[in-house]
Amino acid sequence: MQAVSTRTRITYAVCFALVLVVAFAALFFVARRVGAQAIDLGQSTRPAAKGHVQFAAEPQTIAANKPATVLLHFHVDPGFHINSHTPKSEMLIPTKIAIGEGDGIKVQTVDFPAGQPYSFSFEPQTKLDVYTNEVVLTAHVVAQPGQRSLIGVLRYQACDQAACYPPKTLPVEQPFTAR
């Protein structure tokens, strides 16, 4: 009689263990589905930009066959800055842009805006020259009529309040219409 009771206990224990395994598998499946839906909705699981600078191409129209300007809009992530084109220290890497001569486009110069003074909290007497938030470069071009694109690369060094990171390059393609 006691042997039957032990067998019954073992059977109940095995059944209970199987129920637990099925329950954990169901919870795991539901958790994965909820996580996948959050990604699909573009909620807080969106990965942050790695380089801390984004280029925003905006449609532009300029006069054809005449000196004109094309604006290049960049956004620096909150809490970060990039060195200006004149960072005031030989140790820092200046922001530069290289734009190739395209079909029907002659690039004359690219103007950088003035930087803002900045100093790290651990070295307040040293003033650097940086860009934050929105940065707009002005390309002076002459273009033949038609749809054109300025194609180039921005090279910069992003920093936060604690450190500067390895330099990055950001591809740039700014389409515009010359009429």
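I started at Leu 150 and listed its contacts (heavy atoms within 4.5 Å). Leaving aside neighbours within four places in sequence, Leu 150 touches Val 70, Leu 72, Ile 99, Ile 105, Val 107, Ala 139, Val 141, Val 172, Glu 173, Gln 174 and Phe 176.

Before going on, a note on the source: this is a predicted model, where local features need pLDDT of at least 70, side-chain atom pairs count only at pLDDT 80 or more, and totals for chains, interfaces and linings use all residues. Residues are numbered from 1 along each chain as its sequence is written, and side-chain values use heavy atoms, with hydrogens and water left out.

**Core.** Next I looked up nonpolar cores, meaning sets of buried Ala, Val, Leu, Ile, Met, Phe, Trp, Tyr and Cys residues joined through side-chain atoms within 4.5 Å. Buried is under 20% relative accessible area, exposed is over 50%, and partly exposed is in between (1.4 Å probe, protein chains only). The largest core has 29 residues, and Leu 150 is listed with Leu 72, Phe 74 and Leu 154 as having the most contacts inside it. At least two residues of this core come from each of β1 (53-56), β3 (68-76), β5 (96-99), β6 (105-111), β9 (134-143), β10 (146-156) and β12 (168-178). Another core, of 5 residues, lies apart from it and includes Leu 92, Phe 120, Val 130 and Cys 159. Over the whole protein, 31% of the 179 residues are buried.

**Cavity.** I searched the whole structure and got 1 cavity of 30 Å³ or more. A cavity here is a set of points, on a 1 Å grid over the protein atoms alone, where a 1.4 Å probe fits but cannot get out; lining residues have an atom within 4 Å of a point. Grid points are joined across faces, edges and corners, and the volume is the space filled by probe spheres set on the points. The largest cavity holds about 40 Å³. Its lining is Phe 74, Ile 82, Thr 95, Tyr 131, Val 135, Leu 137 and Leu 154.

**Strands.** I counted 1 helix and 12 strands, taken as DSSP runs numbered from the N terminus (helices H or I, at least four residues; strands E, at least two). Strands count as paired if DSSP finds at least two bridges between them. β1 and β3 run antiparallel, joined by 4 bridges, and Phe 55 has Phe 74 as its bridge partner in β3.

Which strands stand at the edges of the open sheet? That sheet has 4 strands, in the order β7-β8-β4-β11, with antiparallel pairing. β7 (116-118) and β11 (158-159) are the edge strands, each with a single partner, so one side of each has no neighbour in the sheet. β4 (residues 81-83) pairs with β11 over 2 bridges, and Ile 82 is bridged to Ala 158 there.

His 52, in the loop between α1 (2-40) and β1, has phi near 70°. Is His 52 buried or exposed? His 52 counts as buried, because its relative accessibility is 17%. Lys 88, in the loop between β4 and β5, has a positive phi of about 70°. Lys 88 is at 64% relative accessibility, so I put it down as exposed.

How values were computed. On a 1 Å grid over the protein atoms alone, a cavity is a set of points where a 1.4 Å probe fits but cannot get out, and a pocket is an open set with protein on both sides within 12 Å along at least five of seven lines; lining residues have an atom within 4 Å of a point.
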